[in-house]
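Dear colleague,

My notes on it follow.

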Amino acid sequence: MTNNYTHEKSGYTMTTVAEEAARCLLCHDAPCSKACPANTDPAKFIRSVRFRNIKGAADTIRTNNALGAICARVCPTEKYCELACSRSGIDTPIDIGGIQRYVTDFEQQAKMDILEKGPANGLKIAIVGSGPAGLQSATTLLEKGYAVDIFEKNTKPGGYLTYGIPEYRLPQDIVDYEIKRITNLGANLHLNTAIGEDITMDQLKADYDSVILAVGASEAKMLPMFDGNAYTESAVDFLARVKDAQGQISDVPENAVVIGGGDVAMDVATTLKRLGTKNVTDMAYEEFDEFRASKKELAGTREAGVTLVDGYVPTAIDGNEVTFKHRNIDAEMTIKADKIILAIGQQVNTDKLGITTEHGEVSFIGYRTDDPKVYVTGDIAHGDKTVVWAVRKGKEVAEEIDNALMGGNRK
Amino acid sequence: MIKKDLGIDFLGVHFENPFCLSSSPVGNCYEMCAKAFDEGWGGVVFKTIGPEHFKVDEVSPRFDELTKEGTPFVGFKNMEQIAEHSLQENLDDLAHLKRDYPTKIVIASIMGTNEEDWVELAKLVTDAGADMIEMNLSCPQMTSHEMGSDVGTNPELVKKYCEAVKRGSDLPMMAKMTPNITDMVPAAKAAMAGGADGIATINTVKSISNLDLDKKVALPIVNGKSSISGFSGKAVKPIALRFIQQLRVAAGLEQLPISGIGGIETWEDAVEFILLGSTTLQVTTAVMQYGYRIVEDMKNGLMHYMDEQGVDHLSDLVGLANKNILPAEDLDRDYKVYPKIDWDKCIGCGRCFVSCFDGAHQAITWDEKTRRPSVDYSKCVGCQLCNLVCPVGAISTGKIEMKPGREGKIEDVDIESVRLTH
Ligand SMILES: Cc1cc2nc3c(=O)[nH]c(=O)nc-3n(C[C@H](O)[C@H](O)[C@H](O)COP(=O)(O)OP(=O)(O)OC[C@H]3O[C@@H](n4cnc5c(N)ncnc54)[C@H](O)[C@@H]3O)c2cc1C
Ligand SMILES: Cc1cc2nc3c(=O)[nH]c(=O)nc-3n(C[C@H](O)[C@H](O)[C@H](O)COP(=O)(O)O)c2cc1C
Ligand code: SF4
Ligand code: SF4
Ligand code: SF4
């Protein structure tokens, strides 16, 4: 069993996927489908697999979810589709993500081309940010006949798909292929173009019929205590750097301390282990009973051999020595590490975009801002901060724009 | 998204797709057929309608299933007869369906006890607006020997009743044949001679599915006793396909129009029936197990298949396989093909060894240390049993060899076609 940074665990074969699909109860009014935030309709695609119609399963996934192959790998299914699965009444839920992965891998191998562009309606939409929310809104708008330009400040598209989620969970090949489908459909990608810097919002508003802000929470939160500390790096900077280099970084630490208790912290800790760091200690603010990381991620981190310590906050830093105190009991711990990685959350930067956010999202529910031309979607809109929710919000914002611009002209 | 026209003409009637409910409880009343149409079925064969004077009296319970190693519904046994609703209710439902679904095809299944019944029923369903008639000559569990498969195995009666139906109606008509017969050809020829326009087959196969070992009686148990009755579902597909092939290659029946029935549940099953000569398809058991929704994947899968085959008209596929199924004596017996074992895929379970030793020719040797099988070419006859039992697909067809002393060249063997499973 390889356990390195670029090795994704293998998926189902034709035989084993049929066995897993055979466990599905083919429920009436299927709860799994209702629980998928993006309406990917697992009950329908599993039924297609069951009845040996893999291409039909791909049709269902792709038309409902432009990032179906990505969601298959990164959805916290235990909170969504699999949480609702009736099979739990017998033993364990159907491995919906795994089946979705088999189908979308098949779709890619068979070179299926499922998405269809709608007849052009002459309207143009600008999307700021090429993360999952931007990509899905682009797809839905293209299907409806809009012309779409996506502006991305980074050199590669994908947002946290490309610069966050580690390779062993989400191979970059998969991300690239999904994005290629969307550019093939007609999305124009403008990379290295920061809105607010290279092009102003006013300019975009003048040039397009609507503007969607899908900028995510792309900056790291830091603690003032660590300012200027040479051993400290933010989680997202570290993960981006490692993914970009496909694991080939020159400064793999001997030992490291990760600060944070969410999925991002788990990704950092596991990534370090896979890169060869001997001792990785994760210090979490939360105690285990209040942990934020998903069960899957937490289990993966434990399996990788990370030392997890819960309930501690950093109180002092001296060079490469960090001191932590327990939140509730009288305990203190000092750790010396070659590398200190802060995974205490990400924040939104909308300084030059004309909107305000609080605690990482806009203050209203929905997508339309006070400016009738400007919409928000993705992590900065109200709702869960996950890829599958970004897909849902991408579809919904596109629908809302279509209603606003074309409302009377469609049946 | 795939989009292909699945439309096809059968006995002069246009079906928007070939998928029909077969006559049975799945098409028992207006609401059921309407729901089936809404979910995408192209036609329905309404539950068999009998004459007013034949009183249907069903048993309870009336079903049993055959399972194998955890798989339910491998086959399905039923003891049901014909429609329980009154004749008038059934006729009203046919008319209502046709009114509400003018583009869908409504087929009336009828069954009489004598010539007068058949004429009368044919008239009634024609007046009710049915598009087509199916004669049920094949139910194996009727309480009257004037009805059902006892009639269908008697060519004279088949011909006589077909003629009666044709006297009562000028609608296109198919005769539904029973598989409880050694050779279906004489019955089918009799039906065609009697004026039938096509054949529907198969109805259920006479069976005993399981026994209760304590009570020592077959299932289902009806107050302590049971009966031989009809078997359907996936397990009967091979039997249905065989009959359809035999009909299509019988002298004089080469272009016989067939509505194929028996164990259809996936698009692949459907394609098999079409390739062997079925123009439309009928389904009951899979609908009873899973619901009308199964038609979605049958239609979509069939469209993808047509797309892969580069076919635009479904009718182009009908009967393409008939010519490739020959009598056993006409097959090429000059070569054998050895299994090829891929040790990288092999997980060392030894099933191939067990099956080859106990069920074939002791031609697989087993290395106890490495837990890997190899083929002993001096003993292997090329039966490929090992290939079929391997759980991971590590065994495929490999080297082809001419048998000693045979004419012919290996190059002439179509290696691509040497394939066992899906
Ligand atoms: C390490 C990590 C692991 C995660 N793992 C999972 C997981 O397993 N499962 C899951 O469901 N979710 C996971 N998430 C969360 C998920 O990635 C986010 O919810 C999702 O990416 C949000 O999508 P988005 O499109 O709103 O924003 P992002 O993915 O953040 O994309 C925003 C894009 O906008 C660009 N941008 C920002 N400002 C500008 C500007 N002014 N001009 C031009 N471009 C701009 C950014 O460069 C970025 O490319 C993870 C997140 C991280 C950080
Ligand atoms: C419960 C049940 C009732 C049936 N009733 C009828 C009937 O009334 N008339 C008829 O022609 N066939 C009847 N059949 C036979 C089916 O129409 C069909 O020919 C057979 O079941 C094989 O197809 P399947 O494997 O798709 O079920 C019945 C079958 C079942 C299982
Ligand atoms: S998209 Fe995600 S949540 Fe939805 S069905 Fe697929 S794996 Fe489950
Ligand atoms: S809830 Fe579970 S068992 Fe039911 S249809 Fe969905 S995956 Fe299958
Ligand atoms: S049956 Fe297949 S997996 Fe098992 S020993 Fe034989 S070749 Fe190997």
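How do the residues of the shell around ligand 1 divide into nonpolar, polar and charged? There are 17 nonpolar, 11 polar and six charged residues in that shell; Ala, Val, Leu, Ile, Met, Phe, Trp, Tyr, Cys and Pro count as nonpolar, Asp, Glu, Lys and Arg as charged, and the others, Gly among them, as polar.

The model is predicted: local features need pLDDT of at least 70 and side-chain atom pairs pLDDT 80 or more, whereas totals for chains, interfaces and linings use all residues. Residues are numbered from 1 along each chain as its sequence is written, chains are lettered from A and ligands numbered from 1 in the order in which they are written, and side-chain values use heavy atoms, without hydrogens and water.

Ligand 1 has 34 residues around it (a heavy atom within 4 Å). Polar contacts (N or O atoms within 3.5 Å) include a nitrogen atom of ligand 1 at 2.7 Å from a polar backbone atom of A:V74. Oxygen atoms of ligand 1 lie 2.8 Å from backbone polar atoms of A:D379 and of A:V387. Of the 990 Å² that ligand 1 exposes alone, the protein buries 95% (Shrake-Rupley method, 1.4 Å probe). Domain 2 (124–218 + 348–409) and domain 3 (219–345) of chain A both give residues to the shell, so ligand 1 lies between them; the bounds come from an automatic or database domain assignment.

Between the chains, 17 residues of chain B are in contact with 17 residues of chain A (heavy atoms within 4.5 Å).

With kind regards

Conventions
A polar contact is a pair of N or O atoms within 3.5 Å; within protein, one must be able to donate a hydrogen and the other to accept it, and residues adjacent in sequence count only if both atoms are side-chain atoms.
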